[in-house]
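These are my notebook entries on one protein chain. I recorded what I looked up, entry by entry.

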Amino acid sequence: MKVSIPSTIGFAVQVIKNTSLTSIIGYVELTRQGQILNNATFEPFAIFAMVGVIYFVICYPLSLYSKRLEAKLTLATR
């Protein structure tokens, strides 16, 4: 368990960040929705800053959780 936690959480974060690739096949996700809003409002900085904040809000807690869980498992195995 201790060995698999960092890579599993890291993979989950990568999946979240790489969902923008699915917009190529037609699935409207966060980055694609940002492009659509940008085309409608012509405010790319505000829109993509918000998209970045949303990705950060999703991914950063996962990374913190991984770090905390890894530390907890390290203490438990000693």
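**Entry 1: S66**

I looked up S66 and found a relative accessibility of 8%, so S66 counts as buried; buried means under 20% relative accessible area, exposed means over 50%, and partly exposed lies in between, with a 1.4 Å probe and protein chains only. S66 is located in helix α3. I then listed what S66 touches and found I5, P6 and I9, leaving aside residues up to four places away in sequence. Contact here means heavy atoms within 4.5 Å.

**Entry 2: Basis of the values**

I noted that the model is predicted, that local features need pLDDT of at least 70, that side-chain atom pairs count only at pLDDT 80 or more, and that totals for chains, interfaces and linings use all residues. Residues are numbered from 1 along each chain as its sequence is written, and side-chain values use heavy atoms, with hydrogens and water left out.

**Entry 3: The whole protein**

I counted three helices and zero strands, and the order from the N terminus is α-α-α. Helices (H or I, at least four residues) and strands (E, at least two) are DSSP runs, numbered from the N terminus. Of the 78 residues, 19% are buried. I also looked at contacts between residues at least 6 apart in sequence: 59% of them join residues at least 24 apart.

**Entry 4: Helix α1**

I checked the length of helix α1, residues 4-18. Its 15 residues should span 21 Å at 1.5 Å a residue, and the end C-alpha atoms are 21 Å apart, which agrees. The expected span is 1.5 Å times one less than the number of residues. Which residues of α1 are buried? They are I5, I9 and V13. These cover an arc of only 60° around the axis, which puts them on the same side of α1; the arc is that of the directions from the helix axis to the C-beta atoms. The buried residues of α1 pack against α3 (44-77).

**Entry 5: Helices α2 and α3**

I found that α2 has 12 residues and reaches 16 Å from its first C-alpha to its last, close to the 16 Å expected. F42 follows α2 and has a positive phi, near 60°. For α3, 34 residues should span 50 Å, and the end C-alpha atoms are 49 Å apart, which agrees. Its buried residues are I47, V51, Y55, C59, S66, L69, L73 and T74. What do they pack against? They pack against α1 and α2 (30-41).

**Entry 6: K2**

I placed K2 in the segment before α1. K2 has a relative accessible area of 37% and is therefore partly exposed. The C-alpha atoms of K2 and T74 are separated by 7.0 Å, although the two residues are 72 apart along the chain. Not counting residues up to four places away in sequence, K2 touches L73, T74 and T77.

**Entry 7: The surface**

I noted that the protein exposes about 5800 Å², of which carbon and sulfur atoms supply 70%; the areas come from the Shrake-Rupley method with a 1.4 Å probe, and for residues only the protein chains shown count as cover. M50, V53, I54, F56, V57, I58, Y60 and L64 make a nonpolar surface patch of about 720 Å². Like charges are joined within 9 Å, and nonpolar side chains (Val, Leu, Ile, Met, Phe, Trp, Tyr) within 5 Å. V53 lies in helix α3, and at 44% relative accessibility V53 counts as partly exposed.

Definitions and conventions
Patches are made of residues with over 30% relative accessible area and no salt bridge: like charges are joined within 9 Å, nonpolar side chains (Val, Leu, Ile, Met, Phe, Trp, Tyr) within 5 Å. A salt bridge is a side-chain nitrogen of Lys or Arg within 4 Å of a carboxyl oxygen of Asp or Glu.
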